[in-house]
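Please keep the structure in view while reading the sections below.

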Amino acid sequence: MTKRLIISAVNFIEGGPLTALRECLTATRSLGPEWEVVALVHDRQLFDHPWVTFREFPKAKTSWLQRLYHEYWLFQRIAEEYRPEVWLSLHDTSPRVRVPRQVVYCHNPSPFYRSGWKDLRWDPRFFLFTLFYRYLYGINIHANDLVVVQQDWLRQAFRRMYGVQSVAVAHPVGATAPAPVDAAAAVQPGVFLYPALPRTFKNFEVLCEAAELLQRKRGGGFEVRLTLSGSESGYAAQLYRRYGQCPALRFIGRQNAEQMRRQYGEAAAVVFPSKLETWGLPISETKLWNKPLLAADLPYAHEAVGAYDKVAFFPPDDAQALAVLMESVLDGHYSPPHHPAAAVAQPFAADWAALLQLVIGAGPEAQR
């Protein structure tokens with residue numbers, strides 16, 4: 001007897017989310033011929049999965065009002081039409097649908113970020129967004145049989161904030177930056193790279209202050225590259241005004257894929273001081289390049305790093321501690337202890353095929 005799985009991702013149109021949706025749909029083949037898959041998407045032309053039935057919803061991303069209309073009213077009509085056994089929402093919200101089994105995948109960690117005056121002043125939209133998302137996550141979340149997150153610290157945060165107990169962890173699969181395959185980019189000693197967009201939670205200040213400390217102590221001989229220009233936003237402009245005169249800091253602007261390949265190749269070390277991440281993709285990319293990594297001593301970073309022998313952690317607000325680590329790289333004394341991968345409790349999925357088994361309720365771990 002045919003069973004039906006609906007996968008809702010109507011706001012995934014580009015970048016990492018679109019790639020994740022394509023990987024998810026590709027993995028649905030592992031479910032076998034007894035499962036029919038229906039995908040609710042923005043544009044079916046973005047996909048090449050002939051075994052999947054697509055329904056387009058181009059208006060869902062035009063505004064939050066449209067998004068809420070789709071999630072909390074229109075999707076129930078879709079559920080009545082298709083009568084699926086399982087409904088999987090890939091984009092954070094828990095729609096109001098009457099189905100035997102409902103699952104939501106929550107990507108955004110912003111509700112668990114402690115916003116401060118800096119966020120309110122330089123990125124008020126993000127400040128309000130964290131408050132809005134805290135409320136949005138809670139709407140109908142207890143209707144789900146399973147909540148999926150990307151890290152164990154998020155699992156614990158969801159349990160504390162919303163009182164949900166059935167939470168699975170699914171680590172992202174792979175990283176987007178290609179590992180080096182030739183000598184197109186040679187390492188330049190003394191180059192530190194921080195690949196990040198200018199968002200307040202990315203914590204550029206601690207790296208800039210560490211660079212200033214080293215500049216005063218050493219008088220040069222190193223370079224810190226930031227992938228922003230200073231013109232992207234008020235926050236970026238403020239960073240450039242405050243730190244743009246430091247000779248060691250280079251504001252190189254946003255980089256395309258090929259430029260990022262060269263930046264990773266030339267970097268002697270990568271610094272990642274961000275205070276908030278769903279995963280922290282540059283961490284995975286740095287491991288692909290086998291580069292030294294200086295990371296914020298926060299739960300997301302420890303879990304994203306996993307097993308690695310070139311990572312050192314520093315308190316995310318301690319510029320002096322970061323400067324000490326950077327100097328050890330410059331002096332050739334950088335030798336951190338091996339960082340072991342922590343075991344992740346069940347339910348846990350290492351790839352999309354394993355996650356889909358949890359989604360459909362297969363296996364004892366799906367019920368925990």
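## Terms and basis

Two strands are said to pair if DSSP finds at least two bridges between them. Helices (H or I, at least four residues) and strands (E, at least two) are DSSP runs, numbered from the N terminus.

The model is predicted: local features need pLDDT of at least 70, side-chain atom pairs count only at pLDDT 80 or more, and totals for chains, interfaces and linings use all residues. Residues are numbered from 1 along each chain as its sequence is written, and side-chain values use heavy atoms, with hydrogens and water left out.

## The eight-stranded sheet

Eight strands form an open sheet in the order β3-β2-β1-β4-β5-β6-β7-β14, with parallel pairing. The edges are held by β3 (52–56) and β14 (348–349); each has a single partner strand, so one side of each lacks a neighbour in the sheet. Within the sheet, β4 (residues 86–89) runs parallel to β5 (residues 101–105), and four bridges join them. Ser-89 has Val-104 in β5 as its bridge partner.

Helix α5 (residues 152–162) touches β6 (146–149) and β7 (167–170) (contact means heavy atoms within 4.5 Å). The direction of α5 makes about 160 degrees with that of β7; axes are lines fitted to C-alpha atoms, for helices over the stretch in contact, and angles run from 0 to 180 degrees between N-to-C directions. Helix α12 (residues 352–359) touches β1 (3–8), β4, β5, β6, β7 and β14, and its direction makes about 140 degrees with that of β5.

Strands β1 and β2 pair in the parallel sense over six bridges, and the partner of Ser-8 in β2 is Leu-40. Six of the seven residues of β2 (residues 35–41) are buried, where buried means under 20% relative accessible area, exposed over 50% and partly exposed in between (1.4 Å probe, protein chains only).

Strands β6 and β7 run parallel and are joined by three bridges; Val-149 stands opposite Val-169 in β7. From β7, Val-167 and Val-169 point one way, while Ala-168 and Ala-170 point the other way, and all are buried.

## The six-stranded sheet

A further open sheet has six strands in the order β10-β9-β8-β11-β12-β13, again with parallel pairing. Strands β10 (249–251) and β13 (311–314) stand at its edges with a single partner strand each, so one side of each is left without a neighbour in the sheet. On average, neighbouring strands here are turned by 25 degrees against each other, direction ignored. Two bridges pair β8 (residues 191–194) with β11 in the parallel sense, and Phe-192 stands opposite Ala-269 in β11.

Helix α6 (residues 204–218) lies across β8, β9 (223–226), β10, β11 and β13, running at about 160 degrees to β9. Helix α11 (residues 319–330) also packs on the sheet; it touches β8, β9, β11, β12 (293–296) and β13, and its direction makes about 155 degrees with that of β13.

## Leu-226 in strand β9

Leu-226 is found in β9 and counts as buried because its relative accessibility is 0%. Leaving aside neighbours within four places in sequence, its contacts include Tyr-194, Phe-204, Leu-207, Leu-249 and Phe-251. Leu-197 is 29 residues away from Leu-226 in sequence, with 8.9 Å between their C-alpha atoms.

## Thr-278 and helix α9

Thr-278 is found in the loop between β11 (269–272) and α9 (281–289). Its relative accessibility of 19% is why Thr-278 counts as buried. A polar atom of its side chain lies 2.7 Å from the backbone oxygen of His-107. Leaving aside neighbours within four places in sequence, Thr-278 is in contact with His-107, Asn-108, Pro-109, Gln-150 and Gln-151.

In α9 the buried residues are Pro-282, Ile-283, Ser-284, Glu-285, Thr-286 and Trp-289. Their cover includes α8 (257–266), β11, β12 and α10. Just after α9, Asn-290 takes a positive phi of about 60 degrees.

Technical notes:
Polar contact = N/O pair within 3.5 Å; in protein donor to acceptor, adjacent residues only side chain to side chain.
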